[in-house]
Amino acid sequence: MAEVVAIKHAPEGPVTTSFQDGILRITLSKPPANALSLAVMAALESEFGRARDDKDVRVIVLAASGKVFCAGHDLKEMTAHRADADRGRTFFEQTMAACAHLMQTIVRHPKPVIAEVDGLATAAGCQLVASCDLAIVSGEAAFCTPGVNIGLFCSTPMVALSRNVSRKQAMEMLLTGETIDAPTAREFGLVNRVVPREYLAQVVSKYAQTIASKSPLTLKIGKEAFYEQAEMGLTEAYEYASRVMVENMMARDAEEGIGAFIEKRHPEWKGE
């Protein structure tokens, strides 16, 4: 087994990481809530930024310690700023901008991101899961957008949620604020698989290893194209995807991969 190399290890910090065999594991490490305070979001941005520039990183797994995956924004931190001269408006704007940037960082990241969820993901925590490319969860996972219950509609989580599930299902979650269990989340399309808790890490690792074995250039091209075409009309999407396919065909990795398939051998990716 390859040696585990810790890219960053800060037990006292809000985020810890480990790296092995092309897979970077980022763990929210501020239980019990793992709330998305400004400090936590900055730490996540930092780790995703490092991973973007690290050619050894092929896949990112986003996990959490404790019983709650992520409880969303840090409401105590936000409420404390109501004492500011502007009743907190500046801080609220800063928080929402940081959150929006983090979610877009995940979606636009060149490396696939897998959410490993073994607990409650609520509000911006649910948004975090929805922003990842894949979500593998335990049977104990649960999801909700409960802002409506406290007079604060989950408008920013709505952006990610509505891009993963149908409008009716998204509105059900947003209007009722009720919690859905893991099987319902899979039925809605919010998560990919529900597995027993004791096998969660093993299944996520298998997914990550499978993806990490592919050409990193192909993954980058494909992920970017997936989200770009999703916002286009049908004709525009086909024109765009056709251009992407041509450029992809010109890549050395495509030449190598097709050649290896024809010659019945394993490809040797160069990332070119």
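Me: In S7, which residue is the bridge partner of alanine 115?
Reply: In this predicted model, alanine 115 has alanine 135 as its bridge partner in S7.

Me: What makes strand S5 and strand S7 a pair?
Reply: Pairing requires at least two bridges between the strands. Strand S5 (residues 113–117) is joined to strand S7 (residues 134–138) by 4 bridges, and the two run parallel. The count meets the criterion, so they are paired.

Me: What sheet do the strands form, and in what order?
Reply: The sheet is open and has 6 strands, ordered S1-S2-S3-S5-S7-S10, with mixed pairing. Its twist averages 20° from one strand to the next.

Me: Why do strand S1 and strand S10 stand at the edges?
Reply: Strand S1 (15–20) and strand S10 (193–195) each have a single partner strand, so one side of each has no neighbour in the sheet.

Me: What makes H3 roughly parallel to H4?
Reply: Helix H3 (residues 89–107) packs against helix H4 (residues 124–131) at an angle of about 20°, with 9 Å between the axes. That makes H3 roughly parallel to H4, because the limit for this label is under 35 degrees. The crossing of H3 past H4 is right-handed.

Me: Which residues of H3 and H4 meet?
Reply: From H3 they are Cys99, Leu102, Met103, Ile106 and Val107, and from H4 they are Ala124, Gln127, Leu128 and Ser131. By class, this contact has 7 nonpolar residues, 2 polar ones and no charged ones.

Me: Why is histidine 73 called buried?
Reply: Its relative accessibility is 14%, and buried means under 20%, so histidine 73 counts as buried. Histidine 73 lies in the loop between strand S4 (68–70) and helix H2 (75–80). Apart from neighbours within four places in sequence, the residues in contact with histidine 73 include Cys99 and Ala124. Those two residues also take part where H3 meets H4.

Me: Why is alanine 230 called partly exposed?
Reply: Alanine 230 has a relative accessible area of 46%. Alanine 230 is in helix H9 (residues 216–230). Its C-alpha atom is 9.2 Å from that of arginine 163, which is 67 residues apart along the chain.

Me: Is asparagine 34 buried or exposed, and is lysine 264 buried or exposed?
Reply: Asparagine 34, in the loop between S2 and H1, has a relative accessible area of 1% and is buried. Lysine 264, in the segment after helix H11 (252–263), is at 76% and counts as exposed, because the threshold is over 50%.

Me: What kind of peptide bond joins proline 31 and proline 32?
Reply: The bond is cis, with omega about 10°. Most peptide bonds are trans. Proline 32 is in the loop between S2 and helix H1 (38–53).

Definitions and conventions
Residues numbered from 1 in each chain as written. Predicted model: local features only at pLDDT ≥ 70, side-chain atom pairs only at ≥ 80, totals over all residues. Heavy atoms only, no water. Buried < 20%, exposed > 50% of the residue type's maximum accessible area, 1.4 Å probe, protein only. Axes fitted to C-alpha atoms, helices over the stretch in contact; angles between N-to-C directions. Parallel < 35°, antiparallel > 145°, perpendicular 65-115°, else oblique. Left-handed = near helix turned anticlockwise from the far one by under 90°. Contact = heavy atoms within 4.5 Å. Nonpolar A, V, L, I, M, F, W, Y, C, P; charged D, E, K, R; others polar.
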